[in-house]
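Take a look at the model below. Start with the whole chain, then move to single residues.

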Amino acid sequence: SADQYGGYCYLNNAAIAVRWLQGENASRVAVVDIDTHHGNGTQEIFYADASVLTCSLHADPDVEYPYYWGGREEVGVGAGIGYNRNWPLLPRTNDEDYLVALDEALDSVRVFAPEVLVISAGFDLVDGDPSAPDGGLAITPAGLGEIARRLAALNLPTLIVQEGGYQLDQLGSDAVTLLREFAET
């Protein structure tokens, strides 16, 4: 967030990228966070900002870190009301259910009509990641590919920021899957 760190993050690379893009004349930027854990820092930084739409799909904070941020009711404050969206997902959410939530988030992005998309790509959403033992997601590599295709179908200039992923033996192949499917769409 603006004045603290949490989880494994000292710097919020997605937020830094958004502000840099805005300095380069992108007045409206959307962030889609696909990390298993709620994008609480990104939410906090842009919570009152109508120039940035933040959409976070994540494990339900009632059972997974950060435990006290990421509810559907958290929609922004002041000028930012309506520009923060959360999709808390049940533990072990599969590809099909995740894609339903993703489609809702992408509809929000389309309505917002950003000039640029920033994807917080946390590969800890893939089934078996050890970072979410209490209620992580169960996305397959095929599901990850479909996530990439749907994000790419927005047809926006896009910056992908790696946020997480702790299955070191498959992290590289997960990243390649996302990038390849995104690039080929």
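What radius of gyration does the protein chain have, and what would a compact globule with 185 residues have? The model is a predicted one. Its protein chain has a radius of gyration of 15 Å. A compact globule with 185 residues would come near 16 Å, so the two values agree. The outline can also be given as a box. Taken along the principal axes, the C-alpha atoms fill roughly 40 × 35 × 30 Å.

Now trace the chain. It has five helices and five strands. Read from the N terminus, the order is α-β-α-β-β-α-β-α-β-α. Take the contacts between residues at least 6 apart in sequence: 77% of them join residues at least 24 apart.

Of the 185 residues, 52% count as buried. The accessible surface of the chain comes to about 8,600 Å². Carbon and sulfur atoms account for 54% of that surface.

Begin on the surface, with Tyr-10. This residue sits in the segment before α1, the helix that spans 13-23. Is Tyr-10 buried or exposed? Its relative accessible area is 65%. The cut-off for exposed is over 50%, so Tyr-10 is exposed. Together with Leu-11 and Ile-16, Tyr-10 forms a nonpolar patch on the surface. The accessible area of the three together is about 380 Å².

Go on to Asp-60. Find the loop between β2 (52-59) and β3 (84-89), for Asp-60 lies in that loop. Asp-60 is buried, yet it has no salt bridge. Where is the nearest side chain of opposite charge? It belongs to Arg-72, and it is 8.4 Å away. A salt bridge needs the charged atoms within 4 Å. Asp-60 does have contacts: leaving aside neighbours within four places in sequence, it touches Pro-88 and Leu-89.

Last, find Leu-156. Look in the loop between α4 (141-152) and β5 (158-164). How does Leu-156 count by its accessibility? Its relative accessibility is 22%, so Leu-156 counts as partly exposed. Buried would mean under 20%. Not counting residues up to four places away in sequence, Leu-156 touches Val-109, Pro-114, Glu-115 and Leu-117. Now compare Leu-156 with Asn-40. The two are 116 residues apart in sequence. In space, their C-alpha atoms are 24 Å apart.

Technical notes
Residues numbered from 1 in each chain as written. Predicted model: local features only at pLDDT ≥ 70, side-chain atom pairs only at ≥ 80, totals over all residues. Heavy atoms only, no water. Patch = residues over 30% accessible without salt bridge, like charges linked within 9 Å, V, L, I, M, F, W, Y side chains within 5 Å. Areas by Shrake-Rupley, 256 points an atom, 1.4 Å probe, with all protein chains shown as cover. Helix = DSSP H or I, 4+ residues; strand = E, 2+ residues; numbered from the N terminus. Buried < 20%, exposed > 50% of the residue type's maximum accessible area, 1.4 Å probe, protein only. Lys, Arg positive; Asp, Glu negative; His and termini not counted. Contact = heavy atoms within 4.5 Å. Rg over C-alpha atoms; globule rule 2.2 N^0.38 Å.
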